[in-house]
Structure formats: structure tokens, C-alpha cells
Amino acid sequence: MGLAALAAIPLAAILPLPDFWITQLNYIGLYSLTCLGLVLLTGIAGLTSFGQAAFVGIGAYTTGWLTVNLGWSPWLTLPVGLAITAASALVLALVTLRMSGHYLPLATIAWGLSLYYLMGNLDALGKYDGILGLKSLSLFGADLGQGRGFFLLTWSLVAVMAVALLHLLDSRAGRAMRSLKSGALMAESVGISTFRYKVLIFVIAALLACLAGWLLAHFQRTVNPTAFGLKMGIEYLFMTVVGGVGHVWGAIAGAALTRLLEDQLQVLLPRLIGTSGSYEVIVFGIALVLMLKYQPDGLWDFVERRLPRPPRRNDWADAAALAAQPRPAAGDPVLEVHQLRKEFGGLVAVNDVGFQVRAAEIVGLIGPNGAGKTTTFHMISGVLPHTSGTVRFRGRPIGHLPSRQIARLGLARTFQHVKMIPDMTVLENAALGAHARGGKGVLAAMARLDRAEERTLFREAQRQLERVGMGSHLHELAGNLAMGQQRLLEIARALCADPALLLLDEPAAGLRHQEKRALAQVLRQLQAEGMTILLVEHDMDLVMEVCDRLVVMEFGTLLMEGTPREVRQSPAVRAAYLGTEH
Ligand SMILES: Nc1ncnc2c1ncn2[C@@H]1O[C@H](COP(=O)(O)OP(=O)(O)OP(=O)(O)O)[C@@H](O)[C@H]1O
């Protein structure tokens with residue numbers, strides 16, 4: 001589709017379209033570039049920005065000032081504009097992206113407003129009159145003007161950027177980006193630095209806006225603050241939402257629909273109403289409300305749901321295997337928990353608990369509801385900081401490390417409430433688990449230089465899915481899976497990390513009898529292959545069947561440790577489960 005779009009551009013340029021339509025298409029192309037950034041920022045990463053127009057302004061003013069005052073070639077001003085944009089976006093991202101909830105959109109509004117007033121008040125930038133007399137772009141001596149030449153350049157850039165973003169989203173880095181909207185917990189647990197990816201996305205979106213600004217300045221041959229204010233920032237977001245904020249092609253659909261509708265309404269509405277005025281704004285407002293109610297995922301989502309979704313072509317069957325970590329020798333201590341404590345205010349959720357897990361052992365952490373099992377899991381895996389105590393993984397203290405670093409050391413986990421990306425396929429979800437075993441970044445992905453690594457990641461994902469009996473679901477959307485299958489997918493994702501220790505939080509919850517039998521089989525098979533497993537589980541049949549040892553907790557404290565037989569015979573454990581005194 002991307003290549004078809006690229007090929008269609010020269011064709012469109014030679015069509016006998018009136019100049020008016022070429023101008024319209026040029027505006028649509030310019031808006032599309034900024035909207036492409038917003039797809040990544042808002043649609044993929046879930047970060048709302050009203051400040052994109054300010055980055056368009058940086059691109060436009062940089063080239064305006066340098067070409068008019070210093071006589072630079074516009075082609076030299078582009079890297080300068082991109083550098084200024086990257087630096088300012090980086091600073092803004094570092095300051096704002098740790099903010100949660102409404103604070104980020106508010107910060108982008110503040111950014112948009114302050115840049116607008118800065119541009120409008122600086123003498124050097126011509127205050128509110130702006131900079132006049134820019135030259136149009138020329139390439140190899142040919143003036144690109146405002147017509148077909150400019151059309152070719154702008155739409156080539158739009159197509160290249162759209163294809164680059166499509167490539168990016170279908171890559172290791174892209175999967176990490178697509179995982180951001182579901183919260184940081186799962187992504188960090190597979191070794192992804194969510195903050196780093198958010199910053200990257202913010203900078204990419206700003207660079208796309210800057211590129212649009214550079215083009216716009218030479219298209220309009222004048223630069224003034226109106227085109228870069230908050231109103232325009234809101235309009236870019238509006239276009240993207242209408243087009244389909246989660247889809248690359250939605251950016252172009254939104255820009256086209258908005259521009260064409262705006263233009264038609266500006267002519268039609270005053271005729272219908274009988275007086276002139278900006279009535280199109282009111283119609284847009286109503287349209288947006290209706291759109292958000294009836295088609296919240298935008299125009300392109302409506303189109304895409306009607307397009308066939310061919311399964312990914314399997315090109316990884318003969319890919320090389322990923323390098324694996326050396327396994328600890330059977331019997332070596334893999335996990336040592338000592339005097340681990342967690343206080344939530346006055347509540348002691350985990351009270352100086354200690355136990356060990358040795359290599360190739362399956363240990364069950366059991367206890368009644370609220371005993372502190374999940375909290376213990378969270379502390380071991382770095383999700384929650386502990387109040388006191390130590391955790392050692394393969395002899396190394398890990399208590400102070402964030403979860404993504406613990407994951408990278410070889411500790412993988414699943415969650416009590418399954419965490420997967422519903423609109424990614426089962427295969428892609430599992431491949432997320434192997435994130436830390438790959439290294440290709442954003443640029444390699446955009447240029448499709450990551451295919452060899454991608455094949456190794458998918459080969460591993462398929463292998464692990466087959467290992468847990470999910471080999472026939474590779475291309476299904478994870479959101480369509482039954483609960484039991486989702487849990488197996490989480491286990492496969494954890495296995496993709498090549499862990500030395502697997503923490504499974506209630507893996508049998510929601511599974512049917514047959515699925516539980518299959519799970520027990522998988523766990524025993526993993527153990528036979530040398531895997532070490534610590535699991536929290538309420539299903540006593542499963543626990544008694546697969547575990548070598550059990551650690552029993554009650555009210556945050558360690559009640560007893562022993563073999564399943566010893567635990568089954570313990571009056572204290574029975575009393576704890578029945579809720580009687582012991
Ligand atoms: N973030 C939190 N803030 C305050 N209290 C918490 C928090 N998380 C857990 N708790 C409390 O800590 C105690 C232990 O909870 P935890 O979820 O670890 O138990 P659990 O053994 O995993 O229970 P279950 O089997 O029901 O999942 C409970 O009393 C719970 O209410």
C-alpha cells in the first residue's frame with residue numbers, strides 16, 4: 001500500500017487537475033506531515049499534545065530568518081531547524097513526559113502559547129507581521145513554486161514518512177511504542193524503557209512538524225505567528241482524531257477531510273445562512289462531537305475494518321536462533337529472599353519474609369487472599385520498592401533495581417490480571433517478550449534494516465508459543481483470545497526473554513480443567529528443560545501436582561515451608577485456609 005502511494009504521486013502531478021486542487025492537495029500534504037507525528041504521539045503512545053503547531057513554527061521561522069536575513073539556501077536551513085526542534089523537543093519531553101494525567105496536555109498548551117507570544121513579540125522575527133519575502137524552494141535550479149513542483153516534493157515526503165512510520169510500527173521498537181498505551185508495568189517487565197520510547201516519539205513527532213513548517217514557509221513565502229498558535233495546535237489534533245488517530249493513513253485522511261470540508265463550508269454556509277462569518281468552526285465542533293460518539297477511532301478505522309487483513313508472511317522459519325544465556329546449574333540458588341518487608345502506610349503487607357528458590361525447582365508461593373503473595377512478587381520483580389530486606393538473583397542484589405533491569409538479568413514474570421496488547425497479534429505480543437534480546441532501533445526499523453533481527457525474534461516467539469500449545473493462534477489478535485489462552489500467551493512472552501527464573505502470578509486463574517492439565521504439563525516440561533519457576537497459585541490441585549516445595553504465607557508472614565505433602569498435612573496451613581485459629 002505504501003509503495004502504491006509512492007507510485008501514485010507523480011501520476012497525480014501530471015493529471016490535468018486545476019491549480020486550485022493542486023493548492024488544496026499541497027495544504028493537505030503539509031498538514032498530513034504534522035498529523036503523522038500526532039498519530040505516533042497520541043494514537044500510538046497515548047500522549048496528547050496541543051503544542052505541535054509550535055514545532056511547525058520553529059521549522060518555519062528558522063528558515064524564514066536564515067534565508068531572508070542571512071541569505072542561506074533553504075536546504076541548509078532545514079537541518080538547522082530540525083536540530084533546534086530536536087533540542088527543544090528533548091528538553092520539553094524530559095520535563096513533561098513524566099507528568100501523568102492531564103498535566104502533559106496542559107504543559108503542551110503552555111508550550112504552544114508561550115512560543116506563539118515569543119514569535120509575536122520578538123523584533124527580530126518581525127513581531128505579529130512576521131517575516132515576508134521568502135523565496136519558494138528550488139531543486140537543481142528548477143523553481144518548485146507553489147504548484148506541481150511543490151506538490152511532488154511535499155507528497156513524496158509525506159509518502160516516505162508514512163511508509164517509514166508503517167515500517168517503524170511493525171518492528172521491535174514499534175512494538176515497544178505500541179505497548180506504551182497499556183501502561184508501563186508490562187512493558188518495563190520485558191525490559192522496555194517506557195520513558196525513553198516516549199521521549200523518542202515526542203522528538204519524532206516534533207521533527208515531522210518542523211519539516212512541515214519548513215515546507216509551509218516556502219510555500220506561503222511568508223511566516224507569521226497565526227499559523228503556529230494554539231488554535232492551529234488544536235486543529236492538528238482535530239484532523240488526526242477525525243482521520244483515525246491510531247492509523248498512519250488516518251493522518252492523511254483526516255488532513256484531507258478537514259481541509260476539503262473547511263473549504264466547502266466556508267463557501268456554502270454563508271450562502272445558506274445569508275451572512276458571512278466563521279460558521280464552519282461551529283459545524284466542525286458538532287462534527288467532532290458526533291464523530292467521537294459514533295466513530296471514536298476515526299475515519300480510517302472505519303475503512304480499515306472493511307479491508308482484508310492478510311496474515312504476516314512467515315519468513316522466519318529458517319532464521320538463526322537467538323543467543324541464549326547460560327543456565328544456572330541444577331541446585332544453585334537462583335533467588336534468595338531475606339527479611340523482605342513491605343509497609344503500605346500502617347499496613348504491613350509483607351512481614352520480614354525469607355525463602356530460597358534453587359535452579360530447576362518449581363516453588364509455589366501460596367496462602368489465603370491478602371496474604372501478601374502478589375506484593376512479594378512485585379518486590380522481587382522490581383515493580384514495588386521494598387521497605388527493608390534483600391533480594392538476590394543469581395547471587396546479585398537486585399532489590400534496588402527497576403523492573404526493566406531485573407528483567408534484562410533474566411527474571412521474567414506474568415501478571416495476576418493478564419497484561420497484553422489486545423490489538424497486536426499473538427505472535428507480536430510474544431515477540432515483545434524478546435525485546436531485550438534484540439537491539440535494532442528506530443532508524444533501522446524505518447529503513448527496514450532490521451529484517452534479519454526481526455526474523456530471529458519472530459522465530460523465537462513462534463517457538464515459545466508452540467511450547468505452550470499456542471502455535472495455532474499466531475496471527476489472531478490477542479484481544480480475541482479466551483482467558484486461558486491469554487494466560488498461556490503471557491507465559492510464552494515471558495519465555496521469549498530467555499529467563500533463568502520465571503515468576504507466574506496465578507497462571508491457572510480462569511483456565512478450564514483441560515487447560516489446567518495442559519498448563520501443568522507445560523510447567524513440568526519447562527522444569528525438565530532446566531527452568532526455575534516460582535508461582536503464586538490458588539488452585540491447590542495444580543500446586544500440589546507440579547511444585548517441589550511450597551512457601552506458605554498468611555497475613556504477610558511466612559507460615560511454613562515444605563514439600564506439598566508436608567504442607568498438606570500441616571494443621572497450621574489447614575487452619576489458615578479455613579480461617580480458624582492455630
Ligand atoms: N498498593 C497497595 N496499597 C495498600 N495496600 C495494599 C496495596 N497492595 C496490596 N495491599 C494490601 O496488602 C495486602 C497483601 O496483598 P496482596 O495482593 O499481596 O495479597 P495476595 O496474597 O496476593 O492476595 P490474593 O491472593 O487475593 O491476590 C492486602 O491486605 C492488600 O490489601
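The model is predicted, so local features need pLDDT of at least 70, side-chain atom pairs count only at pLDDT 80 or more, and totals for chains, interfaces and linings use all residues. Residues are numbered from 1 along each chain as its sequence is written. Helices (H or I, at least four residues) and strands (E, at least two) are DSSP runs, numbered from the N terminus.

**Domains**
- The protein chain is assigned domain 1 (2-227), domain 2 (330-410 + 500-582) and domain 3 (424-498), with bounds that come from an automatic or database domain assignment.
- Between domain 2 and domain 3, the C-alpha centres are 26 Å apart.
- Their contact involves 11 residues of domain 2 and 9 residues of domain 3; two residues are in contact if their C-beta atoms, placed from the backbone, lie within 7 Å.
- On the domain 2 side, helix 15 (403-409), strand 11 (501-505) and helix 20 (513-528) each give two or more residues, and helix 20 gives the most, with 3 residues.
- That side of domain 2 has 7 nonpolar, 1 polar and 3 charged residues, where Ala, Val, Leu, Ile, Met, Phe, Trp, Tyr, Cys and Pro count as nonpolar, Asp, Glu, Lys and Arg as charged, and the others, Gly among them, as polar.

**Transmembrane annotation and helix 3**
- An unreviewed UniProt entry lists seven-part "transmembrane region" annotation that includes residues 149-169 and 199-217; such annotations may be inferred rather than shown by experiment.
- Residues 149-169 are 100% helix, with end C-alpha atoms 30 Å apart, and residues 199-217 are also 100% helix, with ends 27 Å apart.
- Helix 3 (residues 52-70) has 19 residues and should span 27 Å, which agrees with its end C-alpha atoms being 27 Å apart; the expected span is 1.5 Å times one less than the number of residues.
- Because 15 of its 19 residues are buried, helix 3 is largely enclosed by the rest of the structure.
- G71 follows helix 3 and has a positive phi, near 70°.

- Residues around the ligand (C-beta atom, placed from the backbone, within 6 Å) include F344, N369, K373 and Q416.
- Strand 6 (347-358) and helix 14 (373-380) each give two or more residues to this shell, and helix 14 gives the most, with 3 residues.
- The shell divides into 4 nonpolar, 7 polar and 1 charged.

**Q485**
- Q485 sits in helix 19 (residues 483-495) and touches M470 and H473, leaving out residues up to four places away in sequence.
- Q485 counts as buried because it has 21 C-beta neighbours inside 10 Å; the cut-offs are 20 or more for buried, 12 or fewer for exposed, and partly exposed in between.
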